[in-house]
Number of protein chains: 2
Amino acid sequence: MKGNLLVGQSGGPTAVINNSLVGIIEEAMQHDAIEGIYGMVHAIRGLLDEDLVDLRRETPKTLELLRATPASALGTARYKVTNEDYERILDLLIEYNIRYFFYIGGNDSMDTTHKVANLAASRGYEMHAVGVPKTVDNDLAVTDHCPGFGSAARFVATAIRDTGYDTWAMGESSPIKLMEIMGRNAGWLTAATALAKNEPDDPPHLIYVPERGITMEQVVSDVLNVYDRLGYCVVACSEGMQDPDGHPLGEGSGDVDAFGHVAKGGVVDAVEAAIREASDAKTRHDKPGYLQRSFAALQSHVDREEAYRVGRRAVRAAMEGKTGVMVTLDRAEGPDYRISYGLASLDRIANVEHTLPKAYINDAGNGVTEAFVEYAKPLIGAPLPPYARLSMHPVPKKD
Amino acid sequence: MKGNLLVGQSGGPTAVINNSLVGIIEEAMQHDAIEGIYGMVHAIRGLLDEDLVDLRRETPKTLELLRATPASALGTARYKVTNEDYERILDLLIEYNIRYFFYIGGNDSMDTTHKVANLAASRGYEMHAVGVPKTVDNDLAVTDHCPGFGSAARFVATAIRDTGYDTWAMGESSPIKLMEIMGRNAGWLTAATALAKNEPDDPPHLIYVPERGITMEQVVSDVLNVYDRLGYCVVACSEGMQDPDGHPLGEGSGDVDAFGHVAKGGVVDAVEAAIREASDAKTRHDKPGYLQRSFAALQSHVDREEAYRVGRRAVRAAMEGKTGVMVTLDRAEGPDYRISYGLASLDRIANVEHTLPKAYINDAGNGVTEAFVEYAKPLIGAPLPPYARLSMHPVPKKD
């Protein structure tokens with residue numbers, strides 16, 4: 001059916017999300033049924049505000065450069081769509097003769113796509129709505145992994161390896177380093193710091209994910225044990241670290257800021273304070289924050305290509321008549337990494353949070369298993385570049 | 001004079017500091033007068049503890065990989081050398097027949113080198129002590145710039161550009177972003193975030209350096225003005241931001257942590273709190289911390305090569321009979337970037353802090369001048385890779 005296409009980018013940006021947008025645009029240009037190729041500015045808000053842009057007018061050069069450009073070129077939004085909004089959304093989709101609807105995003109965005117697809121169907125308006133997965137949190141169900149995760153994983157592995165070399169070098173001057181990693185409910189990205197390790201005693205020495213509750217006492221004990229054994233300790237802390245009762249670690253610590261507000265320093269501040277109580281070893285932390293999701297210099301080439309291909313696959317699915325589905329990455333069994341592109345019904349995905357399975361967390365709850373490393377390794381693209389350490393042959397002492 | 005060589009890496013590591021070490025080792029291997037090539041483990045502490053390693057036993061492959069490896073391969077230390085230490089240092093230098101002494105570091109390290117050189121001379125012990133400049137703070141006197149700065153500058157420019165795209169994309173959801181940049185007394189690295197800009201309204205929109213005091217009221221006013229005009233605002237905050245009286249900005253805000261200690265949240269926390277008091281616009285911050293000095297993936301090729309060459313030049317200077325000097329980078333006048341390697345007496349450098357000149361700070365004290373950009377641009381190596389923005393041709397509204 002002839003009509004217009006509408007695409008939006010929703011939720012947190014990633015380093016490769018524009019690849020999905022470009023994939024959609026370039027595939028759409030191959031199909032005569034698709035007339036206008038429109039983008040929503042700042043996600044569904046752009047539709048509600050009728051702030052749409054004509055993506056056919058972008059040059060091939062722009063599209064090529066967008067593949068290397070981080071964050072959401074159309075703009076994104078964190079906006080909770082209301083029931084009244086959905087009525088207006090459908091009216092607008094009809095008014096603009098949108099027959100192909102693509103939403104690039106995570107759980108919430110898949111819920112929006114699902115509801116839009118259902119509403120159109122219930123009103124007898126023929127429209128093909130397809131979800132395109134995207135999230136550095138890697139927490140979408142059904143799909144093997146999510147575009148955006150591999151590049152964020154490459155960033156955090158690189159960052160913790162580099163800060164690990166720095167921390168070793170500092171020796172007694174500053175031997176304990178914490179790094180706060182994104183993922184409030186899902187530990188995938190924190191776990192991915194394990195990809196920095198070549199040897200068992202390489203940083204990160206400890207990895208704490210939200211899926212496994214742990215006491216502050218245990219964390220401090222773990223850290224000081226590593227420090228005693230190796231002389232330094234590098235820790236990957238999920239921003240969502242929890243105690244065994246499921247409460248945020250360090251919650252209720254009573255921190256107040258300059259204006260009497262409860263400080264939102266985050267979990268690493270609480271862990272750092274607890275270590276400082278227990279030891280004189282100097283403790284520092286890094287909070288790379290949104291660099292984790294936007295650092296284009298460390299795009300994983302695998303992630304970038306997959307992000308592009310899920311976009312193209314979404315358009316082909318719509319042309320095949322599909323609606324109410326999301327494109328999935330399906331990994332083939334076997335030793336080699338091979339991906340095919342499937343489809344899954346959005347009712348299996350919307351609002352479902354796929355957290356780190358138990359089999360990927362070590363028994364002590366302070367690291368990951370080899371199975372996780374095998375899972376995650378291909379997603380960051382090329383191996384991290386090799387570094388060297390000195391062999392440190394001692395010069396005989398004169399004393 | 002035949003004898004042994006001793007080298008140490010001191011102070012904060014950088015992404016390219018191992019290039020200076022490799023430069024020293026490789027040049028030393030060319031000179032028959034140099035017998036043992038020894039390294040101090042964890043800087044001067046390694047000498048005091050007689051923890052020395054034999055660098056002749058490292059393979060060419062290790063040396064090659066070290067050039068890509070961040071942080072100090074020999075280990076570093078923050079250790080204040082005492083007067084008694086100096087006596088023992090000279091005794092040990094004599095005992096190990098050290099005739100060539102190289103110390104890679106910043107202000108404090110140049111002071112140590114200076115004192116070691118003077119002490120040897122005053123005792124009539126022939127030894128050639130040469131300082132090798134290194135600091136991401138770029139605050140050494142006489143030299144045009146310092147190895148380590150260019151790579152850190154490339155990192156912070158990249159990071160603020162990427163987080164800037166992310167912040168634009170978030171729109172009203174999270175329109176104000178602060179990034180805390182290293183450099184407690186010198187604003188060079190914070191200023192270098194300006195290299196992220198292609199157009200005047202590109203991030204970073206505001207840059208605050210320690211050299212120019214500013215009130216919190218002015219900062220908040222600047223931020224909200226940019227936000228009103230552009231819809232978002234990205235700010236580079238030096239960790240050393242000061243008020244006009246020279247006190248740390250936000251000092252005395254009374255923050256206390258979980259244990260009743262005064263919180264060391266840092267200046268961005270104070271600025272963030274002040275913006276939140278004045279506006280509902282959601283404000284976030286990134287603190288890349290030590291990633292700024294250790295992120296090897298963003299080594300500037302110019303910086304890397306210069307770090308290597310200052311090491312080689314230091315050895316040649318010692319072979320020419322020099323002592324009590326530091327290698328300097330001397331920039332030729334003219335439109336093209338050309339560097340030669342000179343020497344300066346350590347008494348001109350030790351303990352002198354070279355901060356950002358007034359001519360590099362704009363009149364409002366919230367940005368840098370074109371002269372600074374011209375100065376800093378060649379140091380980050382290749383230009384940052386090109387990104388694209390959509391041209392955003394509007395689709396006519398149906399209303």
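**The interface**

Guide: Begin with the residues in contact (heavy atoms within 4.5 Å): chain A gives 80 residues and chain B gives 80 residues. This is a predicted model, in which local features need pLDDT of at least 70 and side-chain atom pairs count only at pLDDT 80 or more, while totals for chains, interfaces and linings use all residues. Residues are numbered from 1 along each chain as its sequence is written, chains are lettered from A and ligands numbered from 1 in the order in which they are written, and side-chain values use heavy atoms, with hydrogens and water left out.

Visitor: What area is buried between chain A and chain B?

Guide: Interface size is often given as the accessible area lost when the parts come together. Buried area here is the accessible area (1.4 Å probe) that two parts lose on being put together, summed over both. Between chain A and chain B it is about 7,000 Å², with 62% from carbon and sulfur atoms. On the side of chain A, Tyr290(A), Leu390(A) and Val395(A) lose the most area to chain B, together 10% of what that side buries.

Visitor: How many salt bridges are counted between chain A and chain B?

Guide: A salt bridge is a side-chain nitrogen of Lys or Arg within 4 Å of a carboxyl oxygen of Asp or Glu. The count is two. Arg293(B) and Asp166(A) form a salt bridge through their side chains, at 2.7 Å, N to O.

Visitor: Which element gives the largest share of the side of chain A that touches chain B?

Guide: Elements are DSSP runs numbered from the N terminus: helices (H or I, at least four residues) and strands (E, at least two). Among those giving two or more residues to that side is helix H6 (149-170) of chain A. H6(A) gives the largest share, ten residues.

**The sheet**

Visitor: What is the strand order in the open sheet of chain A?

Guide: Two strands pair if DSSP finds at least two bridges between them. The seven strands of this open sheet follow the order S3-S2-S1-S4-S5-S10-S11 (chain A), with mixed pairing. S3 and strand S11 (339-345) of chain A are the edge strands, each pairing on one side only.

Visitor: How many bridges join strand S2 of chain A to S3(A)?

Guide: Three bridges join strand S2 (residues 34-40) of chain A to S3(A), and the two run antiparallel. Gly39(A) stands opposite Val53(A) in S3(A).
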